[in-house]
Amino acid sequence: YLESLLRQTSTGIIIHSPAVRAFVTIPVENMQIFNAEEYSDVSEMQALAELIGPYGMKHLSEHLMWHITSQVNELKKLVVENMDILAQVKSNLHKPDVMTYHAKRLTCEWLPI
């Protein structure tokens, strides 16, 4: 459960919706996906907590925090690597051609340009 949720959340297929108070799935063509709405609303989370108990919830929480921490550390590395370029982007927000040039210089594997 947690692995599937984390994998698809990391790729942007699943996002958190404060309005629904649950995770929601963004539809993707030709892809079998985990339907987050069915498994992550408040009542489902309460049922899961009852099933796996306090030690299961502790494990779930620790694993989730480890994953979040590693994602934040990766983001921090990207910001540090691209600090100069990001400063130039910030100072040229009103110049689309300069922004495009600097965006192409960013070192990031997943940046859609």
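Entry 1: helix pairs.
I began with helix H4 (residues 83-91) and helix H5 (residues 96-105), whose axes come within 10 Å and cross at roughly 165°. H4 is therefore roughly antiparallel to H5. I noted the rule for these words: angles under 35 degrees count as roughly parallel, over 145 as roughly antiparallel, 65 to 115 as roughly perpendicular and the rest as oblique. The axes are lines fitted to C-alpha atoms, for helices over the stretch in contact, and the angles run from 0 to 180 degrees between N-to-C directions. Helices (H or I, at least four residues) and strands (E, at least two) are DSSP runs, numbered from the N terminus. The crossing of H4 and H5 is left-handed. A crossing has this name if the near helix is turned anticlockwise from the far one by less than a right angle, and is right-handed if clockwise.

I recorded that the model is predicted: local features need pLDDT of at least 70, side-chain atom pairs count only at pLDDT 80 or more, and totals for chains, interfaces and linings use all residues. Residues are numbered from 1 along each chain as its sequence is written, and side-chain values use heavy atoms, with hydrogens and water left out.

I then turned to helix H1 (residues 2-10) and H3, which pack at an angle of about 20° with their axes 11 Å apart. H1 and H3 are therefore roughly parallel to each other. Their crossing is right-handed.

Entry 2: salt bridges.
How many salt bridges does the count come to? I found two by the rule, which asks for a side-chain nitrogen of Lys or Arg within 4 Å of a carboxyl oxygen of Asp or Glu. In one of them Glu-62 pairs with Lys-58, and the closest N and O atoms are 3.8 Å apart. Glu-62 and Lys-58 are four residues apart in helix H3, which means about one helical turn between them. Glu-62 is partly exposed at 47% relative accessibility, and Lys-58 is partly exposed at 48%. Here buried means under 20% relative accessible area, exposed over 50%, and partly exposed in between (1.4 Å probe, protein chains only).

The side chains of Glu-74 and Lys-77 also meet in a salt bridge, at 3.2 Å from N to O. Both residues lie in helix H3, three residues apart, about one turn of the helix. Glu-74 is partly exposed at 42%, and Lys-77 is partly exposed at 47%.

Entry 3: a nonpolar patch.
Which residues form a nonpolar patch on the surface? I listed Leu-64, Met-65, Ile-68 and Val-72, with about 330 Å² of accessible area together. Patches are made of residues with over 30% relative accessible area and no salt bridge; like charges are joined within 9 Å, and nonpolar side chains (Val, Leu, Ile, Met, Phe, Trp, Tyr) within 5 Å. The areas come from the Shrake-Rupley method with a 1.4 Å probe, and for residues only the protein chains shown count as cover. Val-72 lies in helix H3 (residues 42-81) and is partly exposed at 47%.

Entry 4: loop residues.
Arg-21 lies in the loop between strand S1 (14-17) and S2. Its phi is near 60°, a positive value in a residue other than glycine. Most residues other than glycine have a negative phi. Arg-21 counts as exposed, at 56% relative accessibility.

Pro-27 is in the loop between strand S2 (22-25) and helix H2 (36-39), and is exposed at 73%. Pro-27 and Ile-14 are 13 residues apart in sequence and 9.1 Å apart in space, C-alpha to C-alpha.
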